[in-house]
Every structure is written in C-alpha cells, then in structure tokens.
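Welcome, and thanks for taking a look at this one with us.

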Amino acid sequence: GNRMKTEHMLDEIRDANLTYLMLAQRLIREDRAQALYRLGLTEEVAGLIDGLSAGQILKIAASNLLMCAFRFNDDLVWNLLTGHSRDQAASGMHAAILMAGRIAQPA
C-alpha cells in the first residue's frame, strides 16, 4: 500500500530528473543563452550540466531528490500565469518579462 506509493513516487522523480537533465544538456549545447533563460540556470551550473557524461546523468537522475525547482514563488507571477485575464497572451508575456528580470538563484 503505502510502500508501493512511495516507490512509485520515487520512480516518477527519477524519470523527471532524467528527462530534465537530458533536456537541459541539449538546450545548453544548442543555445546556451536560451538555456540559461528558459531553465533559470547560472553559467556555472550550465557548465557542469554540459560536461556530464551519459553515465553521470543516469547516476544523478537516480537520486530521490528532484533536480529541478520552481524559479518563482510570488503571487504576482502565479496569478499572471494562471489568471483568467481577457488577454492571456499579454499576461504570459508580462510573467515572462518579470521572470527574465530575475537573476538565477541557487537553491
């Protein structure tokens, strides 16, 4: 029962980690500036992810800790992203501008 739920959740975390790390590495290699912006990474973290081997990615992904995190925690951005504004595109752009203006902060 509960043990199965925990194991299932850990499997999902590992899958999310693997997907995130593979996506991050691909984005970094294709367009570093876009990757830093879209993923909210520092240049140092991007360099580390870029240098990971496939084996290292698998090892890191196997952790029971989620590697990615939400980049914002204020109501304004959440309301812009989830609100029911008449102009959803403008709200999304406003949220993107607010997030882009923030420096990537280590967790």
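The protein chain has a mean pLDDT of 82, and 69% of its residues reach 70 or more; pLDDT is the predictor's confidence in each residue, from 0 to 100. This is a predicted model, in which local features need pLDDT of at least 70 and side-chain atom pairs count only at pLDDT 80 or more, while totals for chains, interfaces and linings use all residues. Residues are numbered from 1 along each chain as its sequence is written, and side-chain values use heavy atoms, with hydrogens and water left out.

**Overall picture**

- The secondary structure comes to 6 helices and 0 strands, and from the N terminus the elements run α-α-α-α-α-α. Helices (H or I, at least four residues) and strands (E, at least two) are DSSP runs, numbered from the N terminus.
- Of the 107 residues, 21% count as buried. Buried means under 20% relative accessible area, exposed over 50%, and partly exposed in between (1.4 Å probe, protein chains only).
- Among contacts between residues at least 6 apart in sequence, 54% join residues at least 24 apart; contact means heavy atoms within 4.5 Å.

**Helix H1 and its buried residues**

- Buried in H1 are Leu10, Ile13, Asn17, Tyr20, Leu21, Ala24, Gln25 and Ile28. Their cover includes helix H2 (32-39), H3 and helix H4 (54-61).
- Asparagine 17 lies in H1 and counts as buried because its relative accessibility is 1%. Leaving aside neighbours within four places in sequence, asparagine 17 is in contact with Ile60, Ala61, Ser63, Leu65, Leu66 and Met67.
- Glutamine 25, also a residue of H1, has a relative accessible area of 10% and is therefore buried. Not counting residues up to four places away in sequence, glutamine 25 touches Ile49, Asp50, Leu52 and Ile57.

**How H1 packs**

- Two packed helices are described by the angle between their axes and the distance between the axes. Axes are lines fitted to C-alpha atoms, for helices over the stretch in contact, and angles run from 0 to 180 degrees between N-to-C directions.
- H1 (residues 2-30) and H3 (residues 43-50) pack at about 105°, with axes 9 Å apart, so the two are roughly perpendicular. Angles under 35 degrees count as roughly parallel, over 145 as roughly antiparallel, 65 to 115 as roughly perpendicular and the rest as oblique.
- On the H1 side, Leu21, Ala24, Gln25, Ile28 and Arg29 make this contact, and on the H3 side Ala46, Ile49 and Asp50. The residues of the contact divide into 5 nonpolar, 1 polar and 2 charged. Ala, Val, Leu, Ile, Met, Phe, Trp, Tyr, Cys and Pro count as nonpolar, Asp, Glu, Lys and Arg as charged, and the others, Gly among them, as polar.
- The axes of H1 and H2 come within 5 Å and cross at roughly 140°, which makes H1 oblique to H2. By class, this contact has 6 nonpolar, no polar and 2 charged residues.
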